[in-house]
Amino acid sequence: SSLESSKVSSTIFLNLLDKEPSNVDVILSLGFCYEAQNLYQKALNLYQKESSWNLGNPQIIRQSGLCAINLKEYRYAEHYFQEVLKRGQISAQNLAFLGYALECQYRWNDAELIYKHMIKEFPTNVSGYRALAWLYGVGLSKNISAELGLELAQRALELQSDPITWEILSACEA
């Protein structure tokens with residue numbers, strides 16, 4: 001099974017980590033094994049170890065953010081994803097995770113700003129359009145007009161016609 005394989009791999013990477021405590025590939029591989037076993041706190045502890053953290057590697061910081069999300073530690077996730085972005089790792093996925101962490105803290109306006117930035121940086125990625133349309137459609141946005149909410153949902157639908165996007169469009173129309 002993949003869980004057993006992950007446990008075996010964990011043992012191998014632990015042995016490698018003893019020999020090379022600053023090897024980013026080993027740290028990330030061991031962390032991925034923990035994450036595959038839903039051991040997010042253990043993975044986060046690994047990433048936060050001084051020997052790992054002091055490397056300042058954006059991948060380690062990003063994985064810390066993902067673990068924090070899985071642990072429902074959204075303030076930490078926000079901090080980690082902001083740090084990843086500051087280090088030049090600007091991607092639609094990293095922005096989406098930051099927006100999600102803000103939403104989970106009920107910081108709708110801040111999330112909205114992230115999603116607007118996401119649309120500007122990645123105009124062909126559906127996630128930013130869907131997130132903003134959703135914020136409007138469920139009544140959480142104070143800054144998006146009815147016209148803009150519908151426009152965002154329609155653009156999302158142009159980019160990706162699937163049940164989720166249709167549902168968001170319906171919410172905006174209602």
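Which hand does the crossing of α9 and α10 have, left or right? I looked it up, and the crossing is left-handed (the near helix is turned anticlockwise from the far one by less than a right angle; clockwise would be right-handed). Helices here are DSSP runs of H or I with at least four residues, numbered from the N terminus.

**Ground rules.** This is a predicted model, where local features need pLDDT of at least 70, side-chain atom pairs count only at pLDDT 80 or more, and totals for chains, interfaces and linings use all residues. Residues are numbered from 1 along each chain as its sequence is written, and side-chain values use heavy atoms, with hydrogens and water left out.

**The helix pair.** I found α9 (residues 126-137) and α10 (residues 146-159) packing at about 145°, with axes 8 Å apart (axes are lines fitted to C-alpha atoms over the stretch in contact, and angles run from 0 to 180 degrees between N-to-C directions).

**Confidence.** I noted a mean pLDDT of 91 for the chain, with 92% of residues at 70 or more; pLDDT is the predictor's confidence in each residue, from 0 to 100.

**Cysteines.** I searched for disulfides (cysteine sulfur pairs within 2.5 Å) and got zero in the whole structure. C104 isn't in a disulfide either, as the nearest cysteine sulfur, that of C67, is 16 Å away.

Methods. Helix = DSSP H or I, 4+ residues; strand = E, 2+ residues; numbered from the N terminus.
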